[in-house]
Amino acid sequence: MTGKTISEKLLSEKSGQDVRAGDYVEAEVDVMMTHDVTGPLTFEVFEAVTGDDPELVDPDNTVITIDHHAPADGVEAANNHNLVREFADEYGAQQYDVGDGICHQVLVEEGFVSPGDLVIGADSHSTTFGGLGGFGTGVGSTDLGTAFATGELWFRVPETLRFEVEGELPDGVYAKDLILKFIGDVGFDGCTYKTAEYGGSAVEALPIHERLVLSNMAIEMGGKAGIVAPDERTVDFLAAQTGERPEIPAYTQPDDDADYEAVYTYQAESLSPQVSTPSNPENAVPVDEVVGTDIDQLFVGTCTNGRYEDIRIVADIIEGERLAPDTRMVVVPASRSVYKQMMDTGVMETFVDAGAIVQSAGCGSCFGTHQGVLGDGDVCLATANRNFPGREGSMKSEVYLASPATVGASALYGEITDPREVELNRYDDYVLEGVSA
């Protein structure tokens, strides 16, 4: 019999069964998360299934953030925020408020996720946590509300697509370019209810903040999860964040003879910066095919590329310069810690002097409701994860997706620009002080 993938091993561990792709399991969940949009229905379901004696099964690992409509963009949003606060106060959940940051970033910074954890969230980008060697996945509010009470959830063990990148990434190519390339190759639904497992020497060399990008956008090709096998770099990152060095469970490493549905192999040196054209992430093309496309707005942020290292790349490019005429830039850090780091290192001043707008930490215009939404005919180049019609505002706007380096270079000229035309930096992980609940 062939060996196992990470998903097969991890779900075997969490279910106490010897399972393979296609099997169904009841698995113990380590961390559960919701936010101000999906939270109210989750709370309703939880209280319905628990009846007269409602109690969270694991309040210390039940996390609720206020990040999507944050700050509140209307009365309904403000009321939902109050529901979050009241629920957390009544049941003891870990709650993070307006400005603390995006749920996925908060869980990483605050040390909720360790290698080998099974993490569920009522948000599709919960795949992010695979960047730390866990199995992270998005679930509906009904499933999550039940898991709040039981600590368990059923899963079909997913098949796995393996993406291997060997060699050293050339200048101007980052994890965002890799994942856009992968999505372009397999299609928006090419990994539906499958795990995207990332490996190879180029992936192993990535700092954690870039591994999180790969896992985050697994969902943009339909992925149930996106996982990078944890290693000493993972341990070092978590130790720097939390002060503790977690163990790397054996079940987080794939077998050499694991049975993959398909294996996609790339040579890093042959890769180039990518841009996804409107209006689907699968429309990935080399940047030189869209160079010269006029831009009205640039958006830097989101759970994909709103970390300090991402924002710093943009700041380095535009430092001492002004945004191109008739070009707007909106910067939304992924957490309060990132915001503070921007202030402490002069990055905030760089953006303000360049003419950019810096918002409080949260999802920003990625959710399409406030903090810089697009109008009819607007064209935006974003570090975001989705570019469907209306995703960032008007159904008549257009959004291109790219790496922070491509966005930074384009800000100088007001049109899509090859980042290899400017001086670029590549950062290792910064240690950020989290925001205690």
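**Before starting.** I am working with a predicted model, in which local features need pLDDT of at least 70, side-chain atom pairs count only at pLDDT 80 or more, and totals for chains, interfaces and linings use all residues. Residues are numbered from 1 along each chain as its sequence is written, and side-chain values use heavy atoms, with hydrogens and water left out.

Entry 1: I looked up the "binding site" feature in UniProt, and the unreviewed entry puts it at Cys303, Cys363 and Cys366. They span 64 residues in sequence, yet no two of their C-alpha atoms are more than 9.3 Å apart, so they gather at one spot. I noted that UniProt positions are given in the numbering used here, that feature names are shortened, and that annotations may be inferred rather than shown by experiment.

I found Cys363 in the loop between β16 (357–358) and β17 (379–382). Helices (H or I, at least four residues) and strands (E, at least two) are DSSP runs, numbered from the N terminus. Is Cys363 buried or exposed? Cys363 is buried, at a relative accessible area of 9%; buried means under 20%, exposed over 50%, and partly exposed in between (1.4 Å probe, protein chains only). Leaving aside neighbours within four places in sequence, I see Cys363 in contact (heavy atoms within 4.5 Å) with Asp67, His68, Ile102 and Phe299.

Cys366 sits in the loop between β16 and β17, and is buried with a relative accessible area of 8%. Not counting residues up to four places away in sequence, Cys366 touches Phe299, Thr302, Ala384, Asn385, Arg391 and Glu392.

**Entry 2: helix α2.** I checked α2 (residues 39–50) and found that Gly39, Pro40, Thr42, Phe43, Val45, Phe46 and Thr50 are buried. Their cover includes β2 (31–35), β3 (62–65), α3 (75–91) and α5 (141–150). After α2 comes Gly51, with a positive phi near 65 degrees.

**Entry 3: two domains.** The domain assignment gives domain 1 (9–267) and domain 2 (275–422); such bounds come from an automatic or database domain assignment. I read that 35 residues of domain 1 are in contact with 39 residues of domain 2. The two domains bury about 3,000 Å² between them, 59% of it on carbon and sulfur atoms. Buried area is the accessible area (1.4 Å probe) that two parts lose on being put together, summed over both. In domain 1, Ile102, Lys176 and His209 lose the most area to domain 2, together 19% of what that side buries.
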